[in-house]
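This briefing is meant to be read alongside the sequence and the coordinates. Please keep both in view while going through the points below.

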Amino acid sequence: MAEKPRTPGFETLAIHAGASPDPATGARSTPIYQTTAYVFDDVDHAASLFNLQTYGYLYSRLTNPTVSVLEERVASLEGGRGAIAVASGHAAQMLAFFSFMEPGDQFVSSNKLYGGSITQFGRSFKKFGWDAVLVDPDDPENFRRALTPKCKAVFVESLSNPTGVVVDLEAIAEIAHDAGCLFIVDNTMASPYICRPMRWGADLVIHSTTKFLSGHGNAMGGIVVDSGRFDWAQNDKFKSLSEPEPAYHGLRFYETFGDLALTVHGHAVGLRDLGATMAPLNAFLTITGIETLPLRMERHVQNAQAVAEYLAGHPAVSWVAYAGLPQSKYHKLAQKYLPKGAGSVFTFGVKGGYQAGVALVEGVELFSHLANVGDTRSLIIHPASTTHRQLTEEQQIAAGAGPDVVRLSIGLESIADIIGDLEQGLEKATRLRNA
Amino acid sequence: MVGASEHWNRPSYFAMKYLQDKGYRVIPVNPQAKGEEILGEAVRPDLASIPEKIDMVDIFRRAAAVPPLVDQAIAKGAKVVWMQLGVRHDEAAIKAEAAGLEVVMNRCPKIEYSRLHGELAWSGVNTGIISSKRRKL
């Protein structure tokens, strides 16, 4: 009897999953299929494709061969059954909730989120009649207390942006599942190299692939990964998957596609109607970026740890929120959920408040002052004056983005140059404070 | 295919049509649709009334209906009993295996065929297949 093939390691999957040589040409690198549509063999083939009775490409708003490679790659790295790639991380959140939310439904979310997500949940989701109830994730019981019969899902960021809060995934997953709710985890800040939320009970994992997955600050994208483990028929909350879909002549996705139900639904209904398709070129850049994800993440966290330790001892710095520091209140959770390092995005408080924060971001010369994270380049931003300025000061503080907060995304430059640039920037901020 | 439906939006119809396209002959079995045709094949009321030899019995019925179908599959000399997504009957499976049949439960032959032949990857599914070889079209 043949020996059972061993499961490939993470580094192997990061390079090979989903990307066998192109069957048409033998091209070894994944080709960019820059096409909108695909010919039918005949009318019957077209009908089978439109009815979802056979597999194949139809129209690139739904599926595209380059994008499919990325979907399988990320699904594989997260340990999921399938994935739906979309135009951005925000589109991923929209598509994930769109797959099961109806007007009047609720979900419970951590309040320690990227500021743009708080705005999306609090403002735009309201227009669909979706109600996000925000709670402090530090005590998992806060989620249980906020659950109502109308709740369909629980949402958290595994490692939150920008506060560096690490949530107790296993405990929150149990609370969600006890209530028959879906557990959705945004794993953007950690990346699957550092954290695998599905091991701890996540049903869906979401990424802005714009960040560490693509990794070079050159390609927008988002993705929803489905574990394939959620029972969509366990209650009457998920009728769009368990009940007949009128637009597909009464097809029931869960009955017909089993553990592929959400993956098929996400393309056939989600992308069909939301239209937030990922461009094939962006999929190609992201696939290429992921090939080096393990190597990049190792260096990202190594550099971030060194910078966090440096800042923790700096006289112009009042606090550092990095879960890799032993004094962080999240250090224990980080050791459990982020054993390879606490990511490379974190915040710190600069003495002198709002003005000192502005002086620092304007005074650095190697760090780029911009609104992104997860780039090869080191990045800096003062959230109160930029990403979080649409929030009230109360909301800013609740989101960990108060007036003295500076967010860093530590890149892959020489560590002496990264620290040297912060040194001179803090010097400028301090001079301003003393002037 | 036991429990084959003449309604085109039912999962059994999807699977039958797909497997036919891949070159398999699929004989529909459904006492309620006896005498009708599905996808060009005459519907049989039960396994015993199929004149030809059969290789596999694909069961699109709820788990409770499985044991007598396994008995019929053994009597008919089938080599494989396949229970569809969501269908599992461990005792019937043990009986079939003891009679020398291979048993698959809670899977769909359409999905497994497409997984092994690359088509499932077209839908963003994690096939679990890693290969540096060029796949045949």
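What follows describes the fold of chain B and then its contact with chain A.

The structure is a predicted model. Chain B contains four helices and five strands, and its side of the contact with chain A includes residues from helix H1 (11-21) and helix H4 (109-116) of chain B.

**Fold of chain B**

- Read from the N terminus, the elements of chain B follow the order α-β-β-β-α-β-α-β-α.
- Among the contacts in chain B that link residues at least 6 apart in sequence, 44% are between residues at least 24 apart.

- Taken along the principal axes, the box filled by the C-alpha atoms of chain B is roughly 45 × 35 × 25 Å.
- Of the 137 residues in chain B, 38% count as buried.

**Contact between chains A and B**

- The contact draws on 37 residues from chain A and 28 residues from chain B.
- On the side of chain B that touches chain A, the elements giving two or more residues are helix H1 (11-21) and helix H4 (109-116) of chain B, and H1(B) gives the most, with five residues.
- Sorted by class, the side of chain B that touches chain A consists of 12 nonpolar, 10 polar and six charged residues.

Conventions:
Residues are numbered from 1 along each chain as its sequence is written. Chains are lettered from A and ligands numbered from 1 in the order in which they are written. This is a predicted model: local features need pLDDT of at least 70, side-chain atom pairs count only at pLDDT 80 or more; totals for chains, interfaces and linings use all residues. Two residues are in contact if their C-beta atoms, placed from the backbone, lie within 7 Å. Ala, Val, Leu, Ile, Met, Phe, Trp, Tyr, Cys and Pro count as nonpolar, Asp, Glu, Lys and Arg as charged, and the others, Gly among them, as polar. A residue is buried if 20 or more other C-beta atoms lie within 10 Å of its own, exposed if 12 or fewer, and partly exposed in between; C-beta atoms are placed from the backbone.
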